[in-house]
Each structure stands twice: as C-alpha cells, then as structure tokens.
Amino acid sequence: GFDIDIEIDDESKLPLFIDNIRRVLDLDADNMVIDKIIANILGDKFNVTKGIRIPGIWSIFEAAVRAILGQQISVKMANNYITQLVEKLGQRSDNYILFPTPQVIANSDLGFLRISQAKKDCLINFSSYINNIAADSYDDNKFHPEEFIKLKGIGPWTVQYIQMRGQSLSDI
C-alpha cells in the first residue's frame, strides 16, 4: 500500500496530480488481462509474481534525465548517478529533496558526476532545451519525446525509455 500526502496551493490542479499518481502506479491496468497474456507467452518457464508493474516516473523531464544517465551502464550505476544528481542539485524542503529543475541542471557543469563529458553535455543541452520550452511553467503536455531525438546524445532507445516510463506508453 501507499500513503500519499499532497500539499497544493491551487486545488484546481488536484485532478492532474491524482491522474498522474494513477498513471505512475498503473492503477488502471487490467491485471487479469495482463496476467493472462504473460501466462500465455511464458507458460511454466518462469515463476511470475502477478500484479507487479514497472512504475512510471512523475515527469517526462525526470524520465529523460534517468534515461540519459542510464545509457550503456548498469541499473545500479544509473541509480547511483541519479542519487548524486538529486543530492547535489535538488532543492531541499523539510524531510525531502526535490528532483532538480531543468534550469538548475542546465546551469551546472555536473563536475561532481563521474561520467563522460559527452553525457554531461547531453544532460546540460537537454535541460536547456526543456527549460526553454517550459520557462514560464512546467507542463508535460508541452513535451513530445519523439522530438528529443534531434538532440545530440539522444537516440531511439532513450526516447522509448522516456515514453515508457515518463508517459506510461504500454506498447514500448
């Protein structure tokens, strides 16, 4: 189970938060249909735990940053880099740290990350691109991940990861 606390200044945006929570947790999935399809494909080859889903990611921007950092490395290393990025650049608020904004990442040299300069440049350029689109207010509806492929360092795998985790597109 989950306990979710929402602090919001504008109650009119509450339905958007609820919709995103439902998307991230895949609450509208038809588990019986999914389990049946998996059973038909895998048969008795694997012991599958029913109801487990790959969680979504709250925003397309965060999904993209995770995808860029995760290119060609292990999941464990990618998680380490994300943790370092959040701890170093995230805004602290009470008992939690917010994911860094596009502007904060765009204005960092990312020197604390032990990754290639090409990957740092990709993160910085991508963050600048997103910041330019969403300078006035962040809204995932402004972003179309298929357009990210025009940016150096972002290829088809990265775009598909962003679509799968940041938009919860199930056919990726």
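I started with Phe-148, which is buried at a relative accessible area of 1%. A reminder to myself: this is a predicted model.

**Ring partners of Phe-148**

I next listed the aromatic pairs and got a count of 6. In one of them, the rings of Phe-126 and Phe-148 have centres 5.0 Å apart and planes at 75 degrees; over 60 counts as edge-to-face, so I logged the pair as edge-to-face. Phe-126 belongs to helix H6 and Phe-148 to the loop between H6 and H7, so this pair ties together parts 22 residues apart in sequence. I checked burial too: both Phe-126 and Phe-148 are buried.

Tyr-129 also forms an edge-to-face pair with Phe-148, at 6.0 Å centre to centre and 85 degrees between the planes. Here again distant parts of the chain are linked, with Tyr-129 in helix H6 and Phe-148 in the loop between H6 and H7, 19 residues apart. Is Tyr-129 buried or exposed? Its relative accessibility is 16%, so I put Tyr-129 down as buried.

**The core**

Then I looked up the largest nonpolar core, which has 32 residues. Phe-126 and Phe-148 are among those with the most contacts inside it, and so are Val-65, Leu-69, Leu-85, Leu-110 and Ile-154. Which helices each supply at least two residues of this core? My list reads H3 (60-69), H4 (75-89), H6 (117-133) and H7 (156-166). H3 gives the most, with 8 residues.

Last, I picked out Leu-110. Leaving aside residues up to four places away in sequence, Leu-110 touches Leu-85, Leu-89, Ile-105, Lys-120, Leu-123 and Ile-124.

Terms used. Residues are numbered from 1 along each chain as its sequence is written. This is a predicted model: local features need pLDDT of at least 70, side-chain atom pairs count only at pLDDT 80 or more; totals for chains, interfaces and linings use all residues. Side-chain values use heavy atoms; hydrogens and water are left out. A nonpolar core is a set of buried Ala, Val, Leu, Ile, Met, Phe, Trp, Tyr and Cys residues joined through side-chain atoms within 4.5 Å. Buried means under 20% relative accessible area, exposed over 50%, partly exposed in between (1.4 Å probe, protein chains only). Helices (H or I, at least four residues) and strands (E, at least two) are DSSP runs, numbered from the N terminus. Contact means heavy atoms within 4.5 Å. Rings of Phe, Tyr and Trp (its six-membered ring) pair if their centres lie within 6.5 Å; planes under 30 degrees apart count as stacked, over 60 as edge-to-face and the rest as tilted.
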